Amino acid sequence: MFGNGDGTFQTPITTSLNFSLPTVVVSADFNGDGNADIAIIGESIAAVLLGNGQGGFENSSTFTDLDGVSGIAVGDVNGDGKPDLVISDVLQGASLWMGNGNGTFNGSELLGGNASDVVVADFNHDGKLDVATAFSDTGIVDVALGNGDGTFQPPLASPTGGGLNG
């Protein structure tokens with residue numbers, strides 16, 4: 001919905017998805033055209049939709065080999081100026097998808113272990129993005145410090161004092 005500048009919004013522009021139960025959306029310019037694009041997760045799928053600058057989106061990349069996708073985060077983890085994605089999966093763990101700068105991605109495994117959510121940030125203030133994954137079944141948050149080139153140090157576990165929902 002485009003904002004009117006006064007706290008109200010115009011009529012929504014709708015984009016149909018080819019999957020059900022969308023739950024989390026993140027935004028970045030995945031293809032470098034200056035338009036906001038979105039990455040969205042749904043039931044056992046994640047997709048990147050490229051923005052047309054007018055509020056509409058077209059499907060660019062779809063990640064379908066996910067069994068229990070639960071979270072998604074965006075950040076340039078390898079310092080090449082192109083947004084990358086980290087997708088958490090409660091059955092397969094978190095995986096890193098390196099952005100090619102045109103709306104497509106190359107995937108690689110990052111962390112294992114039933115990751116229920118994920119966030120990308122610079123947790124140790126070294127100028128390199130790190131990845132934190134939460135494990136709702138154990139109440140543990142793992143932080144993998146980034147090396148700045150798309151690789152990470154072994155994760156450091158931080159107990160949260162119980163299950164994340166308890």
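Ala39 touches Val24, Val25, Val26, Phe30, Ala47, Val48, Ile72 and Leu85, leaving out residues up to four places away in sequence; contact here means heavy atoms within 4.5 Å. The model is predicted, so local features need pLDDT of at least 70 and side-chain atom pairs count only at pLDDT 80 or more, while totals for chains, interfaces and linings use all residues. Residues are numbered from 1 along each chain as its sequence is written, and side-chain values use heavy atoms, with hydrogens and water left out.

**Overall make-up**

- The protein has 0 helices and 12 strands; both are DSSP runs numbered from the N terminus, with helices being H or I of at least four residues and strands E of at least two.
- Along the sequence the pattern reads β-β-β-β-β-β-β-β-β-β-β-β.
- Of the 166 residues, 39% count as buried. Buried means under 20% relative accessible area, exposed means over 50%, and partly exposed lies in between, using a 1.4 Å probe and protein chains only.
- The protein exposes about 8300 Å², and carbon and sulfur atoms supply 51% of that area. Accessible areas come from the Shrake-Rupley method with a 1.4 Å probe, and for residues only the protein chains shown count as cover.
- Among contacts between residues at least 6 apart in sequence, 30% join residues at least 24 apart.

**Ala39**

- Ala39 lies in strand S2.
- Ala39 counts as buried because its relative accessible area is 0%.
- Ala39 and Gly103 are 64 residues apart in sequence, and their C-alpha atoms are 9.9 Å apart in space.

**The open sheet**

- Strands of a sheet pair through backbone hydrogen bonds, either parallel or antiparallel.
- An open sheet of 4 strands has the order S1-S2-S3-S4, with antiparallel pairing. Two strands pair if DSSP finds at least two bridges between them.
- S1 and S4 are the edge strands, each pairing on one side only.
- Neighbouring strands of this sheet are turned by 25 degrees against each other on average, direction ignored. The axes are lines fitted to C-alpha atoms, for helices over the stretch in contact, and angles run from 0 to 180 degrees between N-to-C directions.

- S3 is mostly covered, with 7 of its 7 residues buried.
- Ile45, Ala47, Leu49 and Gly51 are buried on one side of S3, and Ala46, Val48 and Leu50 are buried on the other.
- S2 and S3 run antiparallel and are joined by 5 bridges. Ile38 stands opposite Leu49 in S3.
- The hairpin of S2 and S3 has 2 residues between the strands, and Ser44 takes a positive phi near 60 degrees there.
- S3 and strand S4 (residues 57-63) run antiparallel and are joined by 6 bridges. Phe63 in S4 is the bridge partner of Ala46, and Val48 stands opposite Ser61 in S4.
- The hairpin of S3 and S4 has 5 residues between the strands, and Gly53 takes a positive phi near 80 degrees there.

**Nonpolar cores**

- A nonpolar core is a set of buried Ala, Val, Leu, Ile, Met, Phe, Trp, Tyr and Cys residues joined through side-chain atoms within 4.5 Å.
- The largest nonpolar core has 16 residues, of which Phe30, Val48, Phe63, Leu85 and Ile87 touch the most other members.
- Two or more residues of this core come from each of strands S1 (24-28), S2 (37-42), S3 (45-51), S5 (69-75) and S6 (84-89). S3 gives the largest share, 3 residues.
- A second, separate core of 13 residues includes Met98, Val131, Phe135 and Phe152.
- Apart from neighbours within four places in sequence, Phe63 is in contact with Ser44, Ile45, Ala46, Ala47, Val48, Leu85, Ile87, Trp97 and Phe105.

**The aromatic pair**

- The structure holds 1 aromatic pair. Rings of Phe, Tyr and Trp (its six-membered ring) pair if their centres lie within 6.5 Å; planes under 30 degrees apart count as stacked, over 60 as edge-to-face and the rest as tilted.
- Phe30 and Phe105 form this pair, which is edge-to-face, at 5.7 Å centre to centre and 70 degrees between the planes.
- The two residues are 75 apart in the chain, with Phe30 in the loop between S1 and S2 and Phe105 in strand S8 (residues 105-111).
- Phe30 is buried at 2% relative accessibility, and Phe105 is buried at 10% relative accessible area.

**His125**

- His125 is in the loop between strand S9 (117-121) and strand S10 (130-135).
- Most residues other than glycine have a negative phi. His125 has a positive phi, near 55 degrees.
- His125 is exposed because its relative accessible area is 72%.
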